[in-house]
Amino acid sequence: LFCKKNKGDAQGKHIKNGQNTSAKHKNKFLTAGIMNFAIDYNNLGVVYYDADQFDEAIRMFNKAVDLVLKSTQEQESTREDLEKHSQQVALLKEESKSCISDSPTGLLGTSTSSSNIKSDTPYSIFTYQRPYPLPPLGTGQVSKRDISSSQLEVEMSSTMLFNLGLAYHVKFLYSQDLSFREKSLKLYDLAIQSTISCEELTLPQEDSSLIIHLQVSILNNLATLFHQMGHYQHSLDYLNEMNELISVHFESLTDFGDEGCGFFQMNYHVLVEPSTALAA
């Protein structure tokens with residue numbers, strides 16, 4: 001009886017372990033699907049942003065952030081969730097086609113805009129105004145990573161929070177509506193805090209390139225907003241952090257286009273003098 005009981009227990013454990021493994025694979029598949037739809041929403045937001053349709057861009061970036069938060073908070077996804085988002089993304093892609101001819105960004109591609117300035121209102125020349133698209137999971141460097149890794153989750157959430165903050169920032173530049181500025185400040189703060197959590201993972205430099213690019217962009221835009229508010233010391237603190245990052249990672253900051261880091265370095269030298277910036 002003892003042998004039979006142990007044998008039965010072992011079989012039960014084996015079956016249970018097999019079920020757990022199967023459940024993990026299923027959950028990983030569902031998580032990957034949800035994360036890819038979050039990337040789709042983010043990249044659709046970039047398309048609308050480049051077409052100056054900021055309300056639609058904000059709607060897409062919000063959908064992206066919500067999905068990533070759902071994934072990182074380990075809320076269980078279902079096949080019904082995948083089907084729902086699949087239908088929504090397909091419909092939204094179809095609706096966005098009218099924007100693509102006016103947009104320098106492919107539907108799921110990389111922004112190729114040659115101009116950083118979307119608004120010629122005061123302080124717009126100091127604001128980094130390019131949102132970040134993301135490659136789908138399973139492509140390029142992403143295929144080499146575990147999609148459930150903390151790094152990937154942080155990269156995605158940081159990118160989407162920055163993009164959402166940027167959309168509100170540009171709306172503020174156009175309208176001077178202070179509510180948009182406040183939303184932008186909060187989202188930039190969440191984004192920079194998210195990138196700092198990624199730093200704690202002690203990543204190799206080549207794996208932290210996106211995070212560094214995001215940090216430089218966020219610090220620049222925070223410095224610009226605080227400078228415009230007249231909080232020059234806060235602005236200077238962010239500028240100094242940005243300048244230090246650039247000096248350490250100068251050669252790896254290759255995704256800022258032809259101008260490289262020149263845009264940020266110019267801002268650093270101009271914004272440290274409040275009277276000069278205000279005159280601009």
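The accessible surface of the chain comes to about 14,200 Å², and carbon and sulfur atoms account for 53% of that area. These values derive from a predicted model, in which the chain contains 9 helices and 0 strands, so that its pattern along the sequence reads α-α-α-α-α-α-α-α-α. Of the 280 residues in the chain, 46% are buried. Among contacts with a separation of 6 or more, 74% are made by residues 24 or more positions apart.

The largest nonpolar core comprises 61 residues, and those with the most contacts inside it are Met-156, Met-160, Phe-162, Ile-218 and Met-242. Two or more residues are given to this core by each of helix H1 (2–50), helix H2 (54–72), helix H4 (150–175), helix H5 (178–199), helix H6 (209–228), helix H7 (232–249) and helix H8 (262–271). The greatest share comes from H4, which gives 11 residues. For Met-242, when residues up to four places away in sequence are not counted, the residues touched are Val-216, Leu-219, Asn-220, Phe-264 and Tyr-268.

With 20 residues, H6 reaches 29 Å from its first C-alpha to its last, a span close to the 28 Å expected at 1.5 Å a residue. Because 18 of the 20 residues of H6 are buried, this helix is largely enclosed by the rest of the structure, where burial denotes under 20% relative accessible area. H6 is followed by Gly-230, for which phi is positive, near 90°.

Conventions
Residues are numbered from 1 along each chain as its sequence is written. This is a predicted model: local features need pLDDT of at least 70, side-chain atom pairs count only at pLDDT 80 or more; totals for chains, interfaces and linings use all residues. Side-chain values use heavy atoms; hydrogens and water are left out. A nonpolar core is a set of buried Ala, Val, Leu, Ile, Met, Phe, Trp, Tyr and Cys residues joined through side-chain atoms within 4.5 Å. Buried means under 20% relative accessible area, exposed over 50%, partly exposed in between (1.4 Å probe, protein chains only). Helices (H or I, at least four residues) and strands (E, at least two) are DSSP runs, numbered from the N terminus. Contact means heavy atoms within 4.5 Å. The expected span of a helix is 1.5 Å times one less than its number of residues. Accessible areas come from the Shrake-Rupley method with a 1.4 Å probe; for residues, only the protein chains shown count as cover.
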